[in-house]
Amino acid sequence: MTELIVLSGLPGVGKTSVATTVALGIGAVHLSIDAVEEAMLGCGLPTSWQVGVAAYETARAMAVLNLRNGHDVVIDAVNDSEEARQTWRTAAEAADARLAFVHLVVADAQLHEERLRGRDRGFAHVREPTWEDVEQRRAGYAPWTDEHLELDTAARSVDQTAREVIAQLASQ
């Protein structure tokens, strides 16, 4: 059975770095919502919540195609709402894949804020969030109703976090 692993969390917790390392470690496809949104904005679409929703739906469609072709998929996305999380439940069901949610956090607020300062992921259209943006997202972050693995990336390196994700999911 293929697996859809969804790495979630606020901007700056290390989702993309961990997702990349997990995907490489298990030979999975990595799909990043920010990269999809960057491509859409690069085509001239205006920044809006609709583009964000379209990025999730585009990644969902690509995830289903890859899962049906026998590839595990790792998604990296904030996933701060039930609607966003439903996207991945729908994908897993459509592809008859196992779904695993992983929620990354940085318990040390000072470290989290430092990670955002000077961050440059090389995007031309998706802007880097400020600490105020992250705090606003945190205030509206929906509580988890799904079973999920939660890891604090403040206390672990990217490699350690990825190894922990892979080990925890393999034991389930």
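Guide: Helices (H or I, at least four residues) and strands (E, at least two) are DSSP runs, numbered from the N terminus. This is a predicted model, where local features need pLDDT of at least 70 and side-chain atom pairs count only at pLDDT 80 or more, while totals for chains, interfaces and linings use all residues. Residues are numbered from 1 along each chain as its sequence is written, and side-chain values use heavy atoms, with hydrogens and water left out.

Let's start inside helix H4. Glu-82 and Arg-85 sit three residues apart in helix H4, so about one helical turn separates them. Their side chains meet in a salt bridge, with N to O at 3.5 Å (the term means a side-chain nitrogen of Lys or Arg within 4 Å of a carboxyl oxygen of Asp or Glu). Side chains of opposite charge can pair when their charged atoms come close. Arg-85 counts as buried, at 0% relative accessibility, whereas Glu-82 counts as partly exposed, at 29% (buried is under 20% relative accessible area, exposed over 50%, partly exposed in between, with a 1.4 Å probe and protein chains only).

Next, who is H4's neighbour? One answer is helix H3: the axes of H3 (residues 49-68) and H4 (residues 82-95) come within 9 Å and cross at roughly 25°. That makes H3 roughly parallel to H4 (under 35 degrees is roughly parallel, over 145 roughly antiparallel, 65 to 115 roughly perpendicular, and the rest oblique). The axes are lines fitted to C-alpha atoms, for helices over the stretch in contact, with angles from 0 to 180 degrees between N-to-C directions.

Zoom in on the residues that touch. On the H3 side you'll find Tyr-56, Glu-57, Ala-59, Arg-60, Val-64, Leu-67 and Arg-68, and they meet Ala-84, Thr-87, Trp-88, Thr-90, Ala-91, Ala-94 and Ala-95 of H4 (contact means heavy atoms within 4.5 Å). Sorted by class, this contact of H3 with H4 has nine nonpolar, two polar and three charged residues (Ala, Val, Leu, Ile, Met, Phe, Trp, Tyr, Cys and Pro count as nonpolar, Asp, Glu, Lys and Arg as charged, the others, Gly among them, as polar).

H3 has another partner to show you. Helix H2 (residues 33-42) packs with H3 at an angle of about 120°, their axes 9 Å apart. That makes H2 oblique to H3, and the crossing of H2 and H3 is right-handed. From H2 come Ile-33, Val-36, Glu-37, Met-40 and Leu-41, and from H3 come Val-51, Gly-52, Ala-54, Ala-55, Tyr-56, Thr-58 and Ala-59. The class count for H2 with H3 is nine nonpolar, two polar and one charged. Spot Tyr-56 and Ala-59: they take part in the contact with H4 and also in the contact with H2.

Glu-3 forms a salt bridge with Arg-98, whose closest N and O atoms are 2.6 Å apart. This pair links distant parts of the chain, since Glu-3 is in strand E1 (residues 3-8) and Arg-98 in strand E4 (residues 98-105), 95 residues apart. Glu-3 is buried, with a relative accessible area of 11%, while Arg-98 counts as partly exposed at 25%. A search of the whole structure finds 11 salt bridges. Among other charged links, Asp-34, Arg-119, Arg-121 and Glu-128 are joined in a network of salt bridges, and Asp-133 pairs with Arg-127, the closest N and O atoms being 2.8 Å apart. Arg-127 counts as exposed, at 55% relative accessibility.

Thr-153 sits in the loop between strand E5 (148-152) and helix H7 (158-170), and it is buried, with a relative accessible area of 3%. Leaving out residues up to four places away in sequence, Thr-153 touches Val-13, Leu-104, Val-105, Val-106, Arg-115 and Thr-161.

Key: Left-handed = near helix turned anticlockwise from the far one by under 90°.
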